Amino acid sequence: MDKLNKTIKGYFLAALISSCLFVVGIPMIILGATGITPVSWLNKLIMILGIVFTAGDFYAMPLLWVTYGNKRALLGLVSAIERMGISTVDALASHTRLSPEDIRAKLDLCFEKGYLPDFIRDGDTLRRQDPEGELHTMVCPACAARFEFRGEAGKCPWCGTVSFYKGEDGK
């Protein structure tokens, strides 16, 4: 959850700065155009920066706030998994009032971004994997690459296929 919190803080800060620059850019255009300083090149610079801030943040600001909101929604899902121990898609859907399809998509995103590093997904069930578990060597069933991992499941670093350790006896 630390990685997600850090991402959320970054997007919040970027969105806040973008909002401030948008607001500051409008008076900068006016002051630069009316010649607030006796130096003409400085007036042009103020006006150009105002235009850049206003035009750029007109587009950037809403995108940053929407992305921030989406990351905050993922924080609720990750918190429900890590702190509350909810471990099935149906229970998460009931808890968050989202459809199971939306939960699956958000879980895929969380695993892709590394927001749930201590968990593995087995169908619609999440399990905490033991980070101190035995080191396993496996051959990827998809690309035949050899890789090592700890815990019950490992992700092939070359093709991304998730494989589950079945033990020496194959069970």
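The model is a predicted one, in which local features need pLDDT of at least 70 and side-chain atom pairs count only at pLDDT 80 or more, whereas totals for chains, interfaces and linings use all residues. Residues are numbered from 1 along each chain as its sequence is written, and side-chain values use heavy atoms, with hydrogens and water left out.

The protein contains four helices and six strands; helices (H or I, at least four residues) and strands (E, at least two) are DSSP runs, numbered from the N terminus. Along the sequence the elements follow the pattern α-α-α-α-β-β-β-β-β-β. The radius of gyration, taken over C-alpha atoms, is compared with a globule rule of 2.2 Å times the number of residues to the power 0.38. For 171 residues this rule gives 16 Å, and the value for the protein, 24 Å, is well over that, so the protein is more spread out than a compact globule. Along the principal axes, the C-alpha atoms fill a box of roughly 85 × 40 × 25 Å. Of the 171 residues, 29% are buried, where buried means under 20% relative accessible area, exposed over 50%, and partly exposed in between (1.4 Å probe, protein chains only). When contacts (heavy atoms within 4.5 Å) are taken between residues at least 6 apart in sequence, 44% of them join residues at least 24 apart.

Helix 4 covers residues 100-113, and its end C-alpha atoms are 20 Å apart. This agrees with the 20 Å that its 14 residues should span at 1.5 Å a residue, the expected span being 1.5 Å times one less than the number of residues. Ile-103, Leu-107 and Cys-110 are buried in this helix. Viewed down the axis of helix 4, the buried residues fall within an arc of 60°, so they line one face; the arc is that of the directions from the helix axis to the C-beta atoms. An α-helix has 3.6 residues a turn, so residues three or four places apart point the same way. Glu-101 and Glu-112 are exposed on the other side of helix 4. The partners against which the buried residues of helix 4 pack are helix 2 (40-82), helix 3 (89-96), strand 1 (119-122) and strand 2 (125-128). With neighbours within four places in sequence set aside, Leu-107 is in contact with Leu-77, Ile-81, Val-89, Leu-92, Leu-116, Arg-121 and Leu-126.

A nonpolar core is a set of buried Ala, Val, Leu, Ile, Met, Phe, Trp, Tyr and Cys residues joined through side-chain atoms within 4.5 Å. The largest such core has 21 residues, and Ile-81, Leu-92 and Leu-107 touch the most other members. Helix 1 (2-34), helix 2, helix 3 and helix 4 are the elements that give two or more residues to this core. The most come from helix 2, which gives seven residues. A second, separate core holds six residues, among them Cys-140, Ala-145, Phe-147 and Cys-156.

Cys-140 is buried, at 4% relative accessibility. The closest cysteine sulfur to that of Cys-140 belongs to Cys-159 and lies 3.5 Å away, too far for a bond. With a disulfide defined as a pair of cysteine sulfur atoms within 2.5 Å, the count is zero. Cys-20 is partly exposed, with a relative accessible area of 42%.

Leu-21 is part of helix 1 and is partly exposed, at 28% relative accessibility. Beyond its neighbours within four places in sequence, Leu-21 is in contact with Phe-53 and Asp-57. Leu-21 and Phe-53 are 32 residues apart along the chain, with their C-alpha atoms separated by 5.6 Å. In helix 2, Ser-79 is buried, with a relative accessible area of 18%. Ser-79 touches Met-1 and Met-84, residues up to four places away in sequence not being counted.

Most residues other than glycine have a negative phi. Arg-97, which is not a glycine, has a positive phi of about 60°. Arg-97 sits in the loop between helix 3 and helix 4 and is exposed, at 79% relative accessibility. Ala-144, also not a glycine, has a positive phi of about 70°. The loop that holds Ala-144 runs between strand 3 (135-139) and strand 4 (146-150), and Ala-144 is exposed, with a relative accessible area of 58%.
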